[in-house]
Amino acid sequence: MSGITININPVIFELGAFSLRWYSLMVMVAILAAIWVAVREGKRRGLGQDDMMNASLWAVVGGVIGARLFHVIDKLGFYLQNPHLILAMNQGGLAIWGGVGGGLAAALFYVHLKKMSVSAFLDTIVPALLVGQIVGRFGCIINGDAYGGPTTLPWGFIYVHPHAMIPAEYFGIPTHPDPVYEQLWNLGCLAFIWHLRSKPKWNGALFPAYLGIYSTGRLLLTFVRHEDVIFMGFQQAQLLALAGVAASAVMMLVILARRPKRLETR
């Protein structure tokens with residue numbers, strides 16, 4: 001049986017009732033990295049440092065709430081039986097779509113209050129979102145809470161630590177390293193966005209480009225995961241990804257329709 005053995009304790013240390021997990025640590029590092037990138041990118045685009053910092057903090061709060069709320073609703077049956085675990089975020093359970101949606105909603109509310117340019121703000125935070133997503137997935141790799149189905153590929157992850165959160169039926173056998181697949185996809189997306197970010201003709205279009213590319217990746221990569229199919233053969237994450245692709249297309253069409261047409265020369 002070939003694969004990459006993951007035998008890291010997800011818990012770094014425990015002190016009484018408190019425990020610090022690699023998942024929590026990497027989420028905190030991801031948040032700090034995303035804020036740093038957002039503030040620097042905002043400065044490059046002429047947005048106020050204080051406004052970018054405050055909007056980022058609003059996004060963090062909204063993102064954490066949205067990610068946890070989405071996860072709890074998704075696993076409602078489990079949490080109704082274990083209500084004491086609803087706030088146990090240090091053990092994992094932050095849904096990426098809920099995080100993106102909640103974070104954007106909170107940040108855009110702040111942007112509206114401060115009368116900032118919505119399109120400029122959205123373009124500015126795209127690299128920060130991708131950096132945060134890439135870094136945060138390292139926590140999932142150790143935690144074992146985001147896993148693919150069984151595989152015979154040589155790079156499959158084999159979780160053998162008893163505290164890993166992978167289901168019992170996948171314990172000790174190679175599974176697709178879904179978090180790594182997503183990291184690589186997001187890295188490619190970041191390289192593409194980074195190339196476009198300084199091109200004037202892409203002003204206002206970076207966020208829908210990110211949304212479309214990221215959603216396409218989620219749609220395709222989720223096929224290696226074994227989650228509940230809820231509609232027409234698609235899993236929940238894939239339906240959300242399809243919605244993301246559709247929203248991206250609509251946003252792009254609106255942007256193109258609003259741009260002034262060049263005068264034809266004769």
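**Notebook: helix packing around H5**

I began with H5 and helix H6 (residues 178–196), whose axes come within 9 Å and cross at roughly 165°. H5 is therefore roughly antiparallel to H6, a label I use for angles over 145 degrees. The axes are lines fitted to C-alpha atoms, for helices over the stretch in contact, and angles run from 0 to 180 degrees between N-to-C directions. Helices (H or I, at least four residues) and strands (E, at least two) are DSSP runs, numbered from the N terminus.

I note that the model is predicted: local features need pLDDT of at least 70, side-chain atom pairs count only at pLDDT 80 or more, and totals for chains, interfaces and linings use all residues. Residues are numbered from 1 along each chain as its sequence is written, and side-chain values use heavy atoms, with hydrogens and water left out.

*H5 and H6, continued.* I recorded a left-handed crossing for this pair; the term applies if the near helix is turned anticlockwise from the far one by less than a right angle, and right-handed applies if clockwise. I then listed the contact (heavy atoms within 4.5 Å). On the H5 side I found, among others, Val-126, Leu-130, Ile-134, Arg-137 and Ile-141. The H6 residues include Val-180, Glu-182, Leu-187, Leu-190 and Trp-194. By class, I have 15 nonpolar, three polar and two charged residues in the contact of H5 with H6. Here Ala, Val, Leu, Ile, Met, Phe, Trp, Tyr, Cys and Pro count as nonpolar, Asp, Glu, Lys and Arg as charged, and the others, Gly among them, as polar.

*H1 and H5.* I looked next at helix H1 (residues 22–44) and helix H5 (residues 118–143), whose axes come within 8 Å and cross at roughly 165°. H1 and H5 are therefore roughly antiparallel to each other, and their crossing is right-handed. Among the H1 residues in the contact I noted Trp-22, Met-26, Ala-30, Ala-33, Val-37 and Glu-41. H5 contributes residues including Thr-124, Ala-128, Gly-132, Val-135, Gly-136 and Gly-139. I sorted the contact of H1 with H5 into 16 nonpolar, six polar and one charged.

*H4 and H5.* The axes of helix H4 (residues 96–113) and H5 come within 12 Å and cross at roughly 150°; I recorded this crossing as right-handed. Ile-96, Val-100, Leu-104, Ala-107, Leu-108 and Val-111 of H4 meet Val-118, Phe-121, Leu-122, Ile-125, Gln-133 and Arg-137 of H5. The classes here are 10 nonpolar, one polar and one charged.

Phe-13 stands opposite Leu-20 in E3, and Leu-15 has Phe-18 as its bridge partner. Two residues lie between the strands of this hairpin, where Gly-16 takes a positive phi near 65°.

From the N terminus on, I read the elements as β-β-β-α-α-α-α-α-β-α-α-β-β-α. The C-alpha atoms fill a box of roughly 70 × 40 × 30 Å, taken along the principal axes.

Technical notes: Angles under 35 degrees count as roughly parallel, over 145 as roughly antiparallel, 65 to 115 as roughly perpendicular and the rest as oblique. Two strands pair if DSSP finds at least two bridges between them.
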